Structure formats: structure tokens, C-alpha cells
Amino acid sequence: MQTLNDGYISAGRVCLEVDITLDTLYRWYRWWENPNFEKPAGLELPPYYFRDRRKTKFFKVEDIPKLKKFAEDVRGPYRGCMSEFNAALMWGKRGSKILKNKGTSKKEVRTKL
């Protein structure tokens, strides 16, 4: 694993280690940093850092296990905690239908963003 700047690695390298896409990583942080969406008590995402002028997100090497744990938790015990967020932003017509069945609309969820 290539490290840069005293133990920091780029978001792209983190995605290779955690086996997710860069879009997924950025979606996680967009959801996590939005105070309008409820987060489960046991779920934790480590902070990211900017180490260059291009605002590239970097992570500490010791935070990779936390990101792997988050990936497992979102797929396991906390499954569905991001569903409202993803339905409004990612799922298109299917998401609209799911939100309608829950009694909300895309507009209502998007106002939270």
C-alpha cells in the first residue's frame, strides 16, 4: 500500500482496500455529514483530511479498518439506514415508488439535503 504525507493515503487507494467505488465512499460521507438524516448509534465513519491544494480527500492508514467495519455494518446490522437518502438521490423511478409507499416524496427528502 502506497502511503503519502506521513501515513495518509488517497480516497482512491482507500476504495481499493475497502473494495468499494469512489462514488460510494463520497455518498457515505455526504449522508454522514448531513445533520437532517438520522444515524444509528453504533455506526462510525472516520474523518478525512485535505493534504493538497486540489482538495483531494486523504485518510489515515489506521482508519482503513474502521471504513471496512462501516462497509460491513451498512450491509449487515444497519442495513437500510441510508435507504431514504439513496432512494431520493440514486434510485430514480424505483426510489420514487419506494418513497411513495413509505408516505414521503422525493421533494421532501431532497429538502433535507
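**Helix packing in the predicted model**

Helix 1, spanning residues 11-18, packs against helix 3, spanning residues 64-75, at an angle of about 55 degrees, and the axes of the two helices lie 10 Å apart. At that angle helix 1 is therefore oblique to helix 3, and the crossing of the pair is right-handed. On the side of helix 1 the contact is formed by Val14, Glu17 and Val18, and these residues meet Ile64, Leu67, Lys68 and Ala71 of helix 3. Sorted by residue class, the contact of helix 1 with helix 3 comprises 5 nonpolar and 2 charged residues, with no polar residue taking part. These values, like those that follow, refer to a predicted model.

Helix 3 also takes part in a contact with helix 2, which covers residues 22-32; here the axes come within 13 Å and cross at roughly 80 degrees. Because angles of 65 to 115 degrees fall in the perpendicular class, helix 2 and helix 3 are described as roughly perpendicular to each other. The contact draws on Leu25, Trp28, Tyr29, Trp31 and Trp32 of helix 2, together with Leu67, Phe70 and Ala71 of helix 3. The residues of this contact of helix 2 with helix 3 divide into 8 nonpolar, no polar and no charged.

Taken along the principal axes, the C-alpha atoms of the chain fill a box of roughly 50 × 30 × 20 Å. The chain has 113 residues, of which 32% count as buried, and its accessible surface comes to about 7400 Å², with carbon and sulfur atoms contributing 48% of that area. Among contacts in the chain with a sequence separation of 6 or more, 54% are accounted for by residues 24 or more positions apart.

Ser96 and Lys106 are separated by 10 residues in sequence, and their C-alpha atoms are 6.2 Å apart in space.

Methods: Residues are numbered from 1 along each chain as its sequence is written. This is a predicted model: local features need pLDDT of at least 70, side-chain atom pairs count only at pLDDT 80 or more; totals for chains, interfaces and linings use all residues. Side-chain values use heavy atoms; hydrogens and water are left out. Axes are lines fitted to C-alpha atoms, for helices over the stretch in contact, and angles run from 0 to 180 degrees between N-to-C directions. Helices (H or I, at least four residues) and strands (E, at least two) are DSSP runs, numbered from the N terminus. Angles under 35 degrees count as roughly parallel, over 145 as roughly antiparallel, 65 to 115 as roughly perpendicular and the rest as oblique. A crossing is left-handed if the near helix is turned anticlockwise from the far one by less than a right angle, and right-handed if clockwise. Contact means heavy atoms within 4.5 Å. Ala, Val, Leu, Ile, Met, Phe, Trp, Tyr, Cys and Pro count as nonpolar, Asp, Glu, Lys and Arg as charged, and the others, Gly among them, as polar. Buried means under 20% relative accessible area, exposed over 50%, partly exposed in between (1.4 Å probe, protein chains only). Accessible areas come from the Shrake-Rupley method with a 1.4 Å probe; for residues, only the protein chains shown count as cover.
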